[in-house]
Amino acid sequence: MTWDIAITLSISIIAVVLFVTEKVRMDAVAILVLASLALFDIISVQEALSGFSSSATVAVAAMFVLAAGLQNSGALDGIAQLLSKAKSPLTFLLVLFGLVAVLSPFVNNTAVVAVFIPIVMAAAKNIKLPASKALIPLSFVSQMAGVTTLIGTSTNLLVNAIAVQQGHPGFGIFDFAALGLIFLVVGCAYILLLSPWLLPERTPELDEQQALGKYVAELKISTDSPLIGQTAADLDINQTYKVYLLGLLRLGQHLSMPSHQTLKENDILLVRGQPEDLMRLREKLNLQHSSVYHHVTYSGDNEQNSKDIRMVEVMIASNSKWLGSNTLVLASHWNRNIMVWGLQRRGKIIRERLRNISFRVGDILLMTIPQEDMSSLRKDSHFIVLSESKARNGKNWRATFAILTMVSVVLVAALGWASIAITALLGAAAMAMAGCLTAEESYDSIDWQIIILLAGLIPLGQAMANSGAAEFIVSNTVGQVGVFGPLVVLAVLYLMTSILTEFMSNAGTAVLMTPIALSTGQMLGVDASPFIIAVMFAAATSFMTPVGYQTNTMVYAAGGYRFTDFIKIGLPLNLLYWILAVILIPVFWPF
């Protein structure tokens, strides 16, 4: 092992550990990797910065803008109407799968899932289908459909860019459409047949530790509240109002045994329950919202203004700038007219004041906001509005323009008249000039964490090739089974990539495994394309954990799932895809 190989492998291992443990932000890890490789002279400065000018990075950024243009223009508004026409769970899922299969090959699947989550939750409720039966399928199908084209997922673009950088001719937009469609059909059939048994059905009858759709709120006892001088146990709040008392604060101190404390004016109750039950408790017992903001221009208790106030549920998006912030910061710096009433965090019952809780991805806020501000809330990419679906009156020419622009971007690139990076940039600029979204919305629509992640990790792929680390890994891993032939090597490579992507960034997995795929082809003296496709498909389809792919993380909170729910339905699907890949990849790309 040479010094360059040792340094490159050490940096790669540290990056993997940081990705898996999430102790450091993904984009920060990417920058650290880039800088370390250049510092140790594994790559040149030009190579270290090459990721920022990569066609993959540019294309992904432009695709984020195109997706936002489609959404903001109203081009996707008909989705809710189509889903609402479904009268049975089977019809609902078939329509949902069809819509996602049409959109995800051309629109970033993270954006697709963000658009669909509130629509699916509302439509599922109308046909009495638990959202937990529909949201994991939404995430999975978006991934399945995303791998049918080069632009369907950033992973495909990243793998292709690294392969081209290292001498491979690369792939066209529809080169893996046939294989991807087979995977999509088989995956959809699997979900339709087995999801009724493998997916959970969350109901309000679950115990308090498992109950879903419930928020932790803090309510202050006012002067005329009937709670004064009573105990929560005496009034049997749990049974009467279906609200669970988590804690009691008096003068900033948590009191023990809150249900048996004699209540006083200005005591703060930490309670947990459904939104309607929390509101009923507040009204019946004359309680007030405890977080009083001096700058708020309305009061949640003001009946005169209540008709102009909307109560909504919003989820903190994966790219939200409010991650790490709290309710006070949100109200002060985002919208002075909002009031956060409650917070829901999957897997944890909060027992602290809301103002002391730092937001995480997937946190759901229950808040009130003036009707006039709802439009800006729906457009804000840092939130996913769950309680309302976006609606507009009538048709508008921008929706048609956005659809035609997206079609043109794909067709021009597919015909080979220009690269996807150029056509996507032109399409994004056209949508902005046409007013499908503003310049500010264009920048806000881009998930900069993903862009920095891609730009920072692309040089690692170059370093793996330059230093000989890729060849070293190949000879000590898949090379050990090389005597059994390329088919066995393909199976091992796909399995390695699939396992790795379940526990770290799929982009990071792609960067690590693509040079290995290329070196594997060279070692065996065969075409590297089958191995590259194996890495591409395995890294872009993560079904077994909620952290393996962004869309899984998004539905994990919204659907109220447990970690094991993904294992139950995702592990067999991963194994099924592995078998399909080993059988079919050599058919489309012979060794």
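I began with Lys128, which I found in the loop between helix 7 (109-126) and helix 8. Helices here are DSSP runs of H or I with at least four residues, and strands are E runs of at least two, numbered from the N terminus. The model is predicted, so local features need pLDDT of at least 70 and side-chain atom pairs count only at pLDDT 80 or more, while totals for chains, interfaces and linings use all residues. Residues are numbered from 1 along each chain as its sequence is written, and side-chain values use heavy atoms, with hydrogens and water left out.

Lys128 is not a glycine, yet I read a positive phi near 60° for Lys128. Lys128 counts as exposed at 76% relative accessibility; buried means under 20% relative accessible area, exposed over 50%, and partly exposed in between (1.4 Å probe, protein chains only). I then looked up Asp41, in the loop between helix 2 (26-39) and helix 3 (45-48). Asp41, also no glycine, has a positive phi of about 60°. At 62% relative accessibility, Asp41 is exposed.

**Helix 4 against helix 9.** How do the axes of helix 4 and helix 9 cross? The axes of helix 4 (residues 55-73) and helix 9 (residues 154-165) come within 8 Å, crossing at roughly 165°. Axes are lines fitted to C-alpha atoms, for helices over the stretch in contact, and angles run from 0 to 180 degrees between N-to-C directions. Helix 4 and helix 9 are therefore roughly antiparallel (under 35 degrees is roughly parallel, over 145 roughly antiparallel, 65 to 115 roughly perpendicular, the rest oblique). On the helix 4 side I listed Ala56, Ala59 and Val60, which meet Ser154, Leu157, Leu158 and Ala161 of helix 9. Contact means heavy atoms within 4.5 Å. This contact has six nonpolar residues, one polar and no charged. Ala, Val, Leu, Ile, Met, Phe, Trp, Tyr, Cys and Pro count as nonpolar, Asp, Glu, Lys and Arg as charged, and the others, Gly among them, as polar.

**Helix 9 itself.** I counted 10 of the 12 residues of helix 9 as buried. Among them are Thr155, Asn156, Val159 and Asn160. The buried residues of helix 9 pack against several helices, including helix 4, helix 8 (135-146) and helix 17 (420-434). Gly167 follows helix 9 and has a positive phi near 105°.

**Helix 4 against helix 16.** I checked helix 16 (residues 397-414) next; its axis and that of helix 4 come within 8 Å and cross at roughly 155°. That makes helix 4 roughly antiparallel to helix 16. The crossing of helix 4 and helix 16 is left-handed. Residues in the contact include Met63, Leu66 and Leu70 of helix 4, and Arg398, Ala402 and Met406 of helix 16. By class, I have eight nonpolar, three polar and one charged for the contact of helix 4 with helix 16.

**Two last residues.** Beyond its neighbours within four places in sequence, Ser442 is in contact with Val65, Ala432 and Leu437. Leu181, in helix 10 (residues 177-198), is partly exposed at 46%.

How values were computed
Left-handed = near helix turned anticlockwise from the far one by under 90°.
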